[in-house]
Amino acid sequence: MNDVVEWLKENGNLKIIDEPLDVELEIPHIAYIEVKSENSRPILFTNPINRAKGIEYDMPVLMNIFANKELTRKIFGKHPDTIAKGIDKLLKLKPPKGFIEKLKMIPELFALKNVFPKRLKSTGESQEIIVRKKDIDLDRLPILKTWEEDGGAFITMGQVYTQSLDGNMQNVGMYRLQQYDKNHLGMHWQIHKDASHFFDQYQRAGKKTPVTVAIGGAPLYIWCGQAPMPHGMFEMLLYGFVRGKNAKLVKSITNDIYIPRDVDIVIEGFVDPEKMEIEGPFGDHTGYYTLKEPYPIMEIETITMKRNPVFQATVVGKPPLEDKYMGWATERIFLPMLKPMAPDLIDYYMPENGVFHNLILGKMKTLYKGHAQQFMHAFWGVGQMSFVKHAIFVNEDAPELEDDIAITEYILNRLDPKKILITEGIIDALDHTADESLVGGKLGIDATGMEVEYGVKTPLADTILLQKMQEIDSNILELKQYFTHTKNPICLITVNKTESMKNIIKKVEVLKEHIKVLIIVDKENNQIDNPYMLLWRTVNNIDAQRDVVLEPFIAIDGTNKSQIDGFNREWPKDTHCTKEVLESLQARGLIDIDDEFIKRFGLLEFN
């Protein structure tokens, strides 16, 4: 994989687009649509331009590297489950008891020497061209602006390498990097991340934090950067474990941080602890804009690159995107690492339309009363799993977790308000729903038991139930019932929101014999017959402590919140494509989509 483009041509059905296309909106919109299409492909844009700045770039843009599940497997060189088995075996290694056992262990121990990154004394291909501080101009890089309301252009696939103040720990993470000018980048270091902890060390010592950002190289570097490794462990260990050979690292030109020798572009600099700048807004992987907030600034000292670099980028927004396939690999590979704190865990699944941290399904061997609740607390207390907002646990006899219909039926037949746990805990910095940043509601559902005894007392057809609701409140506009054959059918309604949904829920309590689970969403930008995006909307839009009611039926307020709900923070907008850009790309034959596709994935605003 020394030449990623050639490898993708041979192994990934690489799509090549030679037409000059703008890094602002055009290129990201094409990549965004491609990855939502059946049999999506990686794309190489050979002639990126920036019309507003009058720039024609001399390097191509490569996107959607993790375009589908099969290509992701090829990138790893084996199925992620095979890698997971190797990790599981490693975690269960025991000291050999006799000479024969010692001999049997030699091959395994010998292979482990390839896990640790190797620091080279030489320079790397990534340092063939060196641009010194006085000549630095970030406009030489085809940095993308994805969404119309983004605060500017952002590097979206930067591998951000940092190290602790004492130099004993190194980290690589994927953080978005906003371009401010020719030599400054915003560092979106969320407070819970290792790089932010290192920054705190330098800040307390009154020292500038060295940072090196790498772009490109082997796709596995990118995956390592987002992998949820335990605190203090260098993510490049994963590269060695997966590949069976050491990652080859070289020293940065201006600091002591080591980065892979074969990345395409290297940006070196430092972060001054005394300087902050407003970062954002940015249309993020939640499908919403992240709001403006102050973050540290990286001042660039040096840029190095290969002689013919390729600029790698990704696009984030509403699902599905390539993080679906990166997340699939992460789920499979990290399952053995979850089992020590939850030994009876069989499997888990984080659906991409649950935006990963917003919803997790877990299958377990249930051994005693309260076992599922024990798992909930374990998950909410460990590493990046602590950011999970909604956790549902099923027993070992449940269908496959990725069988969306079957597993939903299983859960709804066992859904009991008495087995729903609502609590509070840490949440992701990107979460917009809680009344305060970083702390919000958590919801856990124990669906491990027997089916509940009773369903809806008096089922009604959609038209009749909607009529009864509209007699109560004319702001209820649409109604559709899902899974009516289960013990807990879902009654979903759309509303024209003029008051708190707590009032609506209270009003419709008189219909309790017809309802078991009520979900409410805004009419605007929601299709009542699109369950994929309705799940995305609901788990994105609720804080369990505020928006879930358990009596006399389960009610969930998935509407956008405002002051009428007592919500005083700013509620962000959805990420939407720019209509004129889509029309232009369609007219030029660069995309082929219809109104159904646009609505299915919420590409444009609608009422």
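# Reading a predicted model: helices, rings and backbone

Tutor: In this predicted model, Val581, Leu582 and Leu585 are buried residues of helix α16, which spans residues 579–587.

Student: What makes these buried residues line one face of α16?

Tutor: Viewed down the axis of α16, the buried residues fall within an arc of 100°, and therefore they line one face of the helix. In general, an α-helix has 3.6 residues a turn, so residues three or four places apart point the same way. On the other side of α16, Glu580 and Ala587 are exposed.

Student: Against which elements do the buried residues of α16 pack?

Tutor: They pack against β2 (21–22) and α2. The contact with α2 brings Glu26, His29, Ile30 and Ile33 of α2 to Val581, Leu582, Ser584 and Leu585 of α16.

Student: How are the axes of α2 and α16 arranged, in angle and in distance?

Tutor: The two helices pack at an angle of about 75°, and their axes are 10 Å apart. Because angles of 65 to 115 degrees count as roughly perpendicular, α2 is roughly perpendicular to α16.

Student: Why are Asn64 and Val355 classed as buried?

Tutor: Buried means under 20% relative accessible area. Asn64 has a value of 0% and is therefore buried; Val355, at 1%, also counts as buried.

Student: How many aromatic pairs does the model contain by the ring-centre rule?

Tutor: The count comes to eleven aromatic pairs. One of them joins Tyr32 and Trp147, with 4.9 Å centre to centre and 90° between the planes.

Student: Why is the pair of Tyr32 and Trp147 called an aromatic pair, and which geometry does it have?

Tutor: Ring centres must lie within 6.5 Å, and planes over 60 degrees apart count as edge-to-face. At 4.9 Å and 90°, Tyr32 and Trp147 form an edge-to-face pair.

Student: Where in the chain do Tyr32 and Trp147 lie?

Tutor: The pair links distant parts of the chain: Tyr32 belongs to helix α2 (residues 26–34), Trp147 to the loop between β8 (129–131) and β9 (154–155), and they are 115 residues apart. Tyr32 counts as buried because its relative accessibility is 1%, and Trp147 is buried with a relative accessible area of 1%.

Student: What values describe the aromatic pair of Phe597 and Phe601?

Tutor: Phe597 and Phe601 are 5.0 Å apart centre to centre, with 65° between the planes, and the pair is edge-to-face. Phe597 and Phe601 are both buried.

Student: Why is helix α10 described as largely enclosed by the rest of the structure?

Tutor: Seven of the ten residues of α10 (residues 371–380) are buried, so the helix is largely enclosed. Among the buried residues of α10 are Phe375, Met376, Phe379 and Trp380. The elements they pack against include α9 (323–338), β22 (345–349) and β26 (439–447).

Student: What makes helix α7 mostly covered?

Tutor: In α7 (residues 219–226), seven of its eight residues are buried. These include Leu220, Tyr221, Ile222 and Trp223.

Student: Which peptide bonds are cis?

Tutor: The bond from Pro319 to Pro320 is cis, with omega near -5°, and Pro320 is found in the loop between β21 (311–313) and α9. The bond from Glu551 to Pro552 is also cis, with omega near 0°.

Notes
Residues are numbered from 1 along each chain as its sequence is written. This is a predicted model: local features need pLDDT of at least 70, side-chain atom pairs count only at pLDDT 80 or more; totals for chains, interfaces and linings use all residues. Side-chain values use heavy atoms; hydrogens and water are left out. Rings of Phe, Tyr and Trp (its six-membered ring) pair if their centres lie within 6.5 Å; planes under 30 degrees apart count as stacked, over 60 as edge-to-face and the rest as tilted. Helices (H or I, at least four residues) and strands (E, at least two) are DSSP runs, numbered from the N terminus. Buried means under 20% relative accessible area, exposed over 50%, partly exposed in between (1.4 Å probe, protein chains only). The arc is that of the directions from the helix axis to the C-beta atoms. Contact means heavy atoms within 4.5 Å. Axes are lines fitted to C-alpha atoms, for helices over the stretch in contact, and angles run from 0 to 180 degrees between N-to-C directions. Angles under 35 degrees count as roughly parallel, over 145 as roughly antiparallel, 65 to 115 as roughly perpendicular and the rest as oblique.
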